[in-house]
Amino acid sequence: MKIKLGIIGYGGMGKWHAANAPRAGVEIAAVCDIEKEKIDQGIADGFKTYTNAEDLLKDPDVNTVVLTVPNHLHKEMCIKAAKAGKHVITEKPAAMNVAELDEMEAACKEAGVFFTSHQNRRWDRDMLIVKKAYDEGMLGKIFTIESKLHSGNGYMHEWHLYKKYGGGMIYDWGVHLIDQILFMMPDAKIKSIYADIKNVLHDEVDDYFKIILKMDNDITVHIELSTYILEYQPRWLAAGDKGTMIVKSFGCDGNIYRTGQLLEKLPPQITETVAGPTRQFAPVPPGGIVTEPLPEVETDWVDFYKNVDGVLNGRETSKIKISEVRRVLSVMEAAWESSNTGKAVLFE
């Protein structure tokens, strides 16, 4: 079958789907929004338009919908779409909590329709570079991974400012950053979760968080996001007993760093530094650290839709399973519990 997509919510992400899904052979059958200017944009873009989602769901030309509406509407819209016999893609987070997701999954199973979430950042090149290093043992036995996302833009806008609509950074980006780590090491269990979630510039929703995951493969994961850290740190740091990888930004600039022969042959001695006498933390002599380029990775976000097409036509299994989406939401709930209590939460 050819995917004939109805886009419910024609804002920024709705327009992204309209522009990019056709690259995977998807037909945009209709768009829907309650705001006149967005409907006018849909008409200008050449699409059939609706101002009521239920009318779009009655359209026989639509066989699949993507929900790009505020987070608190995902459950309601998903269940309505399933009952209308449409396959359902939700923007992330798929639901406000695990209980909502379970209702949505049950409705889709009962209706016999496909259900997934657009976790598009599984196709981010920067993350896939780190995953390649993990999968292929490029750094030896990894003991820590840091995933950091910082911005100086400060304030959020529109419905993202309000808790009742599912605003805040845990819902907006936390779901991506957590999903990337669990996708990177799918066989590792989470032993414990500790989180510190703050409202720095916003009264109602979070705009800073640090989440620490202790994994049963002996890796400690640090996930940190802030909308108001003004000097950015590297997007990724991964350190193992055979090297360290730094990926500085989404642009994938960075290197792998390894110990050179010279450093290994240095005799143990105490060195006077500005910090006083030290052996372990003296400046590394020239040639002591050698660098390598980051590995190459090819990727494209539109592969998400290629996979959905493969699922609906019986060629593939879904690369984003609802059980995986559920696990991410469970981690988010544990992170809020940890932040509220100030204690680590034992997990898996």
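This is a predicted model: local features need pLDDT of at least 70, side-chain atom pairs count only at pLDDT 80 or more; totals for chains, interfaces and linings use all residues.

Biologist: Which residues of strand β13 belong to the covered face, and which to the uncovered one?

Modeller: The general idea is that in a regular strand the side chains alternate between the two faces of the sheet. In strand β13, G254, I256 and R258 make up the covered face, while N255, Y257 and T259 make up the uncovered one.

Biologist: To which strands is β13 joined, and in what sense do they run?

Modeller: Strand β12, residues 243-247, is joined to β13 by four bridges, and these two strands run antiparallel. Within that pairing, I246 has N255 of β13 as its bridge partner. Five bridges join β13 to strand β16, residues 289-293, again in an antiparallel arrangement. There, R258 stands opposite V290 of β16.

Biologist: How many residues lie between β12 and β13 in their hairpin?

Modeller: Six residues lie between the two strands of this hairpin.

Biologist: How should I read a positive phi?

Modeller: Most residues other than glycine have a negative phi, and most peptide bonds are trans. E158 has a positive phi near 50 degrees and is not a glycine; its place is the loop between β7 (142-150) and α7 (169-184). D218 likewise is not a glycine and has a positive phi of about 70 degrees; D218 is found in the loop between β9 (208-215) and β10 (220-226).

Biologist: Are E158 and D218 buried or exposed?

Modeller: A residue counts as exposed when its relative accessible area is over 50%. E158 has a relative accessible area of 63%, so it is exposed. D218 has a value of 53%, and therefore it is exposed.

Biologist: Where does the chain contain a cis peptide bond?

Modeller: The peptide bond from K92 to P93 is cis, with an omega near -10 degrees. P93 lies in the loop between β5 (87-90) and α5 (98-111).

Biologist: How many helices and strands does the whole protein chain have?

Modeller: The protein chain has ten helices and 17 strands. Its C-alpha atoms fill a box of roughly 75 × 45 × 40 Å along the principal axes. Of its 348 residues, 52% count as buried.

Biologist: What share of the contacts joins residues 24 or more positions apart?

Modeller: Such pairs account for 69% of the contacts with a separation of 6 or more.

Biologist: How should I read the surface and the charges of the protein chain?

Modeller: For the surface, one asks which atoms it belongs to. The accessible surface comes to about 16,700 Å², and 52% of it belongs to carbon and sulfur atoms. For the charges, one looks at both number and placement. The chain has 41 positive and 50 negative side chains, and the centres of the two sets lie 3 Å apart.

Technical notes
Residues are numbered from 1 along each chain as its sequence is written. Side-chain values use heavy atoms; hydrogens and water are left out. Buried means under 20% relative accessible area, exposed over 50%, partly exposed in between (1.4 Å probe, protein chains only). Contact means heavy atoms within 4.5 Å. Accessible areas come from the Shrake-Rupley method with a 1.4 Å probe; for residues, only the protein chains shown count as cover. Lys and Arg count as positive and Asp and Glu as negative; His and the chain ends are not counted. The place of a charge is taken as NZ of Lys, CZ of Arg, CG of Asp or CD of Glu. Two strands pair if DSSP finds at least two bridges between them.
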